[in-house]
Amino acid sequence: MVLKCSLCINDERITKILTVNGRPICKECKAFLEHPPDKIKIRKELEELLSQVDKAIVAYSGGKDSTVALYLAKEEYDIDVEAVMVDHGFMAPQAIENAKKVSEYLNVPLTIIREDYSEIFKDALLKAKSPCRKCSRRTMEALRKYALEKGYKYIISGHELPFGHHPYRLMSGGIIQIRLLSLMSEKERMEILKKLPFKLPELPGYTSNCLILGPALERYWEKHGYSFEHRRIAALVRYGLLDREKALKKVEKPKVPEWQWELVEKKLNLIVRSL
Ligand SMILES: [Zn+2]
């Protein structure tokens with residue numbers, strides 16, 4: 001039997017499981033219990049920071065979380081925003097459609113920067129690794145450069161986990177990234193989406209914008225027997241932002257439809273599945 005954490009969804013395949021007061025607790029939950037993040041303080045810090053922001057870029061992927069961030073920045077915080085999408089070549093067409101519709105509805109300018117991440121994606125699929133860290137680093141760097149060029153100081157993103165105990169991060173060149181949804185639950189995010197012309201796409205891997213995530217997860221699953229998203233999703237459960245049942249569904253092995261595999265392999269000029 002696999003040892004499981006009694007607080008989040010981690011198990012011994014993912015991380016170390018310890019015994020605390022007679023209960024199985026994962027290493028991450030133990031650290032969390034010893035130094036719990038102060039939710040009220042993080043939210044307050046976020047509110048204070050946002051009250052100083054008059055204009056900003058919103059890192060806009062057309063996915064559900066950045067759509068919520070865009071809405072809040074514009075409507076709740078009255079910030080003069082520009083939605084900027086970094087299109088890495090494998091954005092789901094539905095995400096681009098959502099981005100166009102939502103930005104038009106909110107009367108926000110949408111800029112699309114085209115990039116080519118083929119090398120990152122090829123490498124990830126061939127080696128059955130997660131492409132997410134490299135992809136997100138490249139995207140943040142493209143946005144940082146754009147912000148500097150256009151005289152913006154702030155980049156607002158739709159991440160729900162704070163950076164440790166803070167909702168913001170200082171980037172080089174004096175740019176500040178703000179995680180606007182820090183500690184916002186999935187339920188709250190879904191409520192906001194209902195107000196917008198946003199259609200949730202059915203894509204494997206529970207992404208609402210990326211065509212690479214599903215195939216990459218499938219490959220990783222085949223090699224390791226679990227999802228590379230497991231740790232991040234376990235953290236959402238630990239922070240009380242997502243319920244356990246939904247979280248367990250999100251870390252199941254995805255079923256990538258044939259059309260998606262074909263499209264990805266064709267665009268990358270690669271045959272992954274016969275390897
Ligand atoms: Zn845990």
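Me: What does Phe 121 touch, leaving out residues up to four places away in sequence?
Reply: Phe 121 touches His 88, Phe 90, Pro 131, Cys 135, Ile 212 and Leu 268. Contact means heavy atoms within 4.5 Å. This is a predicted model, where local features need pLDDT of at least 70, side-chain atom pairs need pLDDT 80 or more, and totals for chains, interfaces and linings use all residues. Residues are numbered from 1 along each chain as its sequence is written, and side-chain values use heavy atoms, without hydrogens and water.

Me: Which residues touch the most other members of the largest nonpolar core?
Reply: Ile 57, Phe 121, Leu 143, Ile 155, Ile 212 and Leu 268, out of 39 residues. Such a core is a set of buried Ala, Val, Leu, Ile, Met, Phe, Trp, Tyr and Cys residues joined through side-chain atoms within 4.5 Å; buried means under 20% relative accessible area with a 1.4 Å probe, protein chains only.

Me: Which elements give two or more residues to this core?
Reply: β3 (55-59), β4 (80-87), α5 (118-127), α6 (132-150), α8 (213-224) and α11 (258-268). Helices (H or I, at least four residues) and strands (E, at least two) are DSSP runs, numbered from the N terminus. The largest share, 6 residues, comes from α6.

Me: Switching topic. Where do α5 and α11 meet?
Reply: Ser 118, Phe 121, Lys 122 and Leu 125 in α5 meet Trp 261, Val 264 and Leu 268 in α11. By class, that contact has 5 nonpolar, 1 polar and 1 charged residues. Here Ala, Val, Leu, Ile, Met, Phe, Trp, Tyr, Cys and Pro count as nonpolar, Asp, Glu, Lys and Arg as charged, and the others, Gly among them, as polar.

How values were computed. Buried means under 20% relative accessible area, exposed over 50%, partly exposed in between (1.4 Å probe, protein chains only).
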